[in-house]
Amino acid sequence: MFSFISGGPGLAAWFSGAATGIGLFAVVGAQSAFILRQGILRKHIVPVVATCAAIDGIFIFASVAGLRTLTQALPWLTTVVLWGGVAFLAWYAWQSARRALAGGGGMHVDDGDSTSRRAVLMSAVGFSLINPHFWLDMMVIGGIAENFGNARMAFAAGVFTASCLWLTAQGLGARLLAPLFTKPKTWRILDGTIAVILSILALTLAFRGMH
């Protein structure tokens, strides 16, 4: 299964991919804030992490296989993704701000609710795909992979490994923080912080789109 990694060039490409992935993914952004909240809630964190990892894997290997060529052929796609991301981040920032002002965040949600599970997973998809930074990362990965020739899939595997490690670390780390969030005030602080982070991201992207 991992035969394309074995050997000197493949192994070197894998390590380069892992280092690149950590450099690109190990930042606190919109997706990280979402995973943090779900992990603290202990609400569907395993399917959330699995969904995000699956999306990353599909698009990492697709970018190495030629996704960069598609975005160059359809430049308007970048603009659509950018403004879609602005709208999505602004909406979620508003929801977080409402929870911070009114309270009501916390662990009272029923984990067995299938509709809630579906909504959470759809949000996970949104934070991955309706995110201009995600597409920028994929463009960068596809561009760097070209330098590895026949070992580019080993490079992609390294990037995917880094993605899985980062997502897992966020999910498990958030679960360890759960005991700190037994007070409503702590949840209001978290939601307020998330609202600020997402608002800044939305404004930054909007500013970029107008220039």
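This is a predicted model: local features need pLDDT of at least 70, side-chain atom pairs count only at pLDDT 80 or more; totals for chains, interfaces and linings use all residues.
1. Start with the charged pairs. Side chains of opposite charge can pair when their charged atoms come close. How many salt bridges does the structure hold? The count is two.

2. Take R37 and D191. Their side chains meet in a salt bridge, with N and O 2.8 Å apart. This pair links distant parts of the chain. Find both on the structure and check their surroundings. Both R37 and D191 are buried.

3. Now follow D191 to its other partner. D191 also forms a salt bridge with R99, where the closest N and O atoms are 3.3 Å apart. Again the pair links distant parts of the chain: D191 is in helix α8, R99 is in helix α4 (residues 76-102), and they are 92 residues apart. Is each residue buried or exposed? D191 has 0% relative accessibility, so it counts as buried. R99 has 21%, so it counts as partly exposed. The cut-off for buried is under 20%. Salt bridges that share partners join R37, R99 and D191 into one network.

4. Next, look at how α2 and α8 pack. Two packed helices are described by the angle between their axes and the distance between the axes. For α2 and α8, the angle is about 165° and the axes are 9 Å apart. That angle makes α2 roughly antiparallel to α8, because angles over 145 degrees count that way. The crossing of α2 and α8 is left-handed.

5. Helix α2 has another neighbour to check. The axes of α2 (residues 30-41) and α7 (residues 152-177) come within 7 Å. They cross at roughly 40°. Which word describes α2 relative to α7? The answer is oblique. The crossing of α2 and α7 is right-handed.

6. Move on to the loop between α2 and α3 (45-73), where R42 is found. H44 lies in the loop between α2 and α3 too. Look at the backbone here. Most residues other than glycine have a negative phi, and most peptide bonds are trans. R42 has a positive phi of about 55°, although it is not a glycine. H44 has a positive phi of about 60°, and it is not a glycine either. R42 is at 41% relative accessibility, so it counts as partly exposed. H44 has a relative accessible area of 7%, so H44 is buried.

7. A145 lies in helix α6 (residues 132-145). Its relative accessibility is 0%, so A145 counts as buried. Which residue, 128 residues away in sequence, lies 8.3 Å from A145 in space? That residue is G17, with the distance taken from C-alpha to C-alpha.

8. Finish at the surface. W83, F207 and M210 form a nonpolar patch there. Together they have about 360 Å² of accessible area. M210 is placed in the segment after α8 (184-209). At 58% relative accessibility, M210 counts as exposed, because the cut-off is over 50%.

Conventions
Residues are numbered from 1 along each chain as its sequence is written. Side-chain values use heavy atoms; hydrogens and water are left out. Patches are made of residues with over 30% relative accessible area and no salt bridge: like charges are joined within 9 Å, nonpolar side chains (Val, Leu, Ile, Met, Phe, Trp, Tyr) within 5 Å. Accessible areas come from the Shrake-Rupley method with a 1.4 Å probe; for residues, only the protein chains shown count as cover. A salt bridge is a side-chain nitrogen of Lys or Arg within 4 Å of a carboxyl oxygen of Asp or Glu. Helices (H or I, at least four residues) and strands (E, at least two) are DSSP runs, numbered from the N terminus. Buried means under 20% relative accessible area, exposed over 50%, partly exposed in between (1.4 Å probe, protein chains only). Axes are lines fitted to C-alpha atoms, for helices over the stretch in contact, and angles run from 0 to 180 degrees between N-to-C directions. Angles under 35 degrees count as roughly parallel, over 145 as roughly antiparallel, 65 to 115 as roughly perpendicular and the rest as oblique. A crossing is left-handed if the near helix is turned anticlockwise from the far one by less than a right angle, and right-handed if clockwise.
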